[in-house]
Amino acid sequence: MLGGKMKGEGGSASISPLVSFTLGAAMATVCVLFFMSASPGNRLVDIAAWSRNNGTAAAQLEHLRSVADDTAVAASDAARNVTAVAAPAPAPAKAASEYGDLEEVLARAAMADRTVIMTQINAAWTKPGSLLDLFFESFRNGEGGVARLLDHLVIVTMDPAAYAQCQLVHPHCYFLRTTGVDYRSEKFFMSKDYLEMMWGRNKFQQTIVELGYNFLFTDVDVMWFRDPFKHISMGADIAISSDVFIGDPYSLGNFPNGGFLFVRSCPKTIEFYKHWQAGRYRFFGKHEQDVFNLIKHEMVDKLGIAIQFLDTKYISGFCQLSKDLNKICTLHANCCVGLGAKLHDLRNVLDVWRNYTAAPVAEKRAGKFQWKVPGICIH
């Protein structure tokens with residue numbers, strides 16, 4: 001009995017270490033799984049801690065980390081590629097206009113019907129007390145709200161000094177860059193530089209109508225007393241002032257003066273300007289006003305263009321002077337050569353006009369006011 005008992009005890013003792021090891025391993029496994037489920041981000045770390053003595057497990061851990069890093073880099077690169085493909089292409093840069101800021105200046109100054117008033121100056125005409133000052137004064141002392149038309153005036157300057165001066169006194173200035181001629185000084189009538197200036201002006205006017213704008217061009221030696229637009233016919237493609245007006249505004253027998261010129265932008269006037277420019281070479285040595293006179297019959301027949309010659313009773317000049325201050329709208333120092341002569345006579349004109357506007361209505365209507373004649377040019 002004793003021998004059998006001892007044998008039983010020995011069997012029990014030999015089984016206990018195996019059972020203990022098995023139970024311990026199972027509990028360890030349970031713990032590892034518990035922590036892994038509780039902290040998924042630390043799974044690799046926990047496994048490594050549990051198997052820190054296992055070289056194979058450590059190598060596998062390092063491999064997993066490397067794969068994870070490579071995956072992250074690839075994902076980042078892929079995201080950048082997707083962004084690059086998905087991003088819209090940048091808008092192409094707007095090409096610079098060959099006219100500089102001309103279109104911007106025209107848009108600012110234009111009336112609702114795309115009409116602008118234009119004049120052209122050089123440095124000699126912008127000095128204090130010179131033509132530009134007299135020009136502005138005539139608007140400001142005018143009647144019927146003519147001063148408001150200054151809002152639609154574009155001053156085209158021929159040299160940097162004129163442009164700088166213009167910017168000091170007016171909001172709508174444009175610098176017309178040219179080559180070959182120094183425009184800073186006075187250009188004498190029919191000199192080579194004078195002809196270049198006149199034909200350059202003509203070419204610039206062509207550009208305006210090609211851009212789709214109507215214009216009323218006025219020389220800076222034109223004094224504005226009242227709104228002249230009411231005397232321009234709606235049926236006229238071109239309306240031009242007259243050195244000599246014979247009574248019929250549509251008679252081609254009138255003598256034109258390009259110093260006061262309205263042009264409506266349309267295919268006929270664009271074509272007219274092409275022929276006008278070509279006339280410079282057909283009639284070499286003539287200025288643009290003479291060429292207009294030479295081609296007017298041909299252009300009316302060929303293009304069917306309607307030309308109105310403006311009545312000198314309203315759109316007047318020294319060539320054929322209107323003596324009725326109650327009707328006159330503009331007065332041009334035409335038929336007058338030399339800056340000094342123009343300044344002398346226009347100052348006298350403005351003196352008379354100031355006295356006229358300050359007078360009682362009854363005195364105005366009585367026609368008591370007359371220009372100071374004779375002057376150097378006015379008569």
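**Reading cavities, pockets and salt bridges in a predicted model**

Trainee: How much space lies in the largest cavity?

Mentor: About 50 Å³ of space lies in the largest cavity, and please keep in mind from the start that this is a predicted model. Rolling a probe the size of a water molecule over the atoms shows where empty space is left. In this structure, that search gives 1 cavity of 30 Å³ or more.

Trainee: Which strands supply at least two residues each to the lining of the largest cavity?

Mentor: The strands β6, β7 (255-263), β9 (315-317) and β10 (330-332) each supply at least two residues, and β9 gives the most to this lining, with 3 residues. If you want to find the place in the structure, look for the lining residues, among them Val 222, Ser 241, Phe 260, Ile 315, Thr 330 and His 332.

Trainee: What classes of residue make up the lining of the largest cavity?

Mentor: Sorted by class, the lining of the largest cavity has 8 polar and 3 nonpolar residues, and no charged residues.

Trainee: And how should I read a pocket, for instance the second largest pocket?

Mentor: A cavity is a space from which the probe cannot get out, whereas a pocket is open. The second largest pocket has a volume of about 360 Å³. It is lined by 17 residues, of which Leu 176, Arg 177, Thr 178, Gly 200 and Lys 203 are the closest to its centre. The elements that give two or more residues to this lining are strand β3 (173-175) and helix α7 (192-210), and α7 gives the most, with 6 residues. By class, the lining of the second largest pocket has 8 nonpolar, 4 polar and 5 charged residues.

Trainee: How many salt bridges does the structure hold?

Mentor: A salt bridge here pairs a side-chain nitrogen of Lys or Arg with a carboxyl oxygen of Asp or Glu within 4 Å, and the structure holds 13 salt bridges. One of them joins the side chains of Glu 143 and Arg 226, with N to O at 3.0 Å. This pair links distant parts of the chain, with Glu 143 in the loop between α5 (131-140) and β2 (153-157) and Arg 226 in the loop between β5 (222-224) and β6, 83 residues apart.

Trainee: Why does Arg 226 count as buried?

Mentor: Arg 226 counts as buried because its relative accessibility is 11%, and the cut-off for buried is under 20%.

Trainee: Which residues are linked in a network of salt bridges?

Mentor: Glu 137, Asp 351, Arg 354 and Lys 372 are linked in such a network. Within it, the side chains of Asp 351 and Lys 372 meet at 3.9 Å, N to O. Asp 351 lies in helix α10 and Lys 372 in the segment after α11 (361-365), so the pair ties together parts that are 21 residues apart in sequence. Asp 351 counts as partly exposed at 27% relative accessibility, and Lys 372 is also partly exposed, with a relative accessible area of 44%.

Trainee: Which residues form a nonpolar patch on the surface?

Mentor: Val 244, Ile 246 and Phe 255 form it, and together they have about 270 Å² of accessible area. Val 244 is found in strand β6 (residues 238-244), and it is partly exposed, with a relative accessible area of 36%.

Conventions. Residues are numbered from 1 along each chain as its sequence is written. This is a predicted model: local features need pLDDT of at least 70, side-chain atom pairs count only at pLDDT 80 or more; totals for chains, interfaces and linings use all residues. Side-chain values use heavy atoms; hydrogens and water are left out. Patches are made of residues with over 30% relative accessible area and no salt bridge: like charges are joined within 9 Å, nonpolar side chains (Val, Leu, Ile, Met, Phe, Trp, Tyr) within 5 Å. Accessible areas come from the Shrake-Rupley method with a 1.4 Å probe; for residues, only the protein chains shown count as cover. Helices (H or I, at least four residues) and strands (E, at least two) are DSSP runs, numbered from the N terminus. Buried means under 20% relative accessible area, exposed over 50%, partly exposed in between (1.4 Å probe, protein chains only). On a 1 Å grid over the protein atoms alone, a cavity is a set of points where a 1.4 Å probe fits but cannot get out, and a pocket is an open set with protein on both sides within 12 Å along at least five of seven lines; lining residues have an atom within 4 Å of a point. Grid points are joined across faces, edges and corners, and a volume is the space filled by probe spheres set on the points. Ala, Val, Leu, Ile, Met, Phe, Trp, Tyr, Cys and Pro count as nonpolar, Asp, Glu, Lys and Arg as charged, and the others, Gly among them, as polar.
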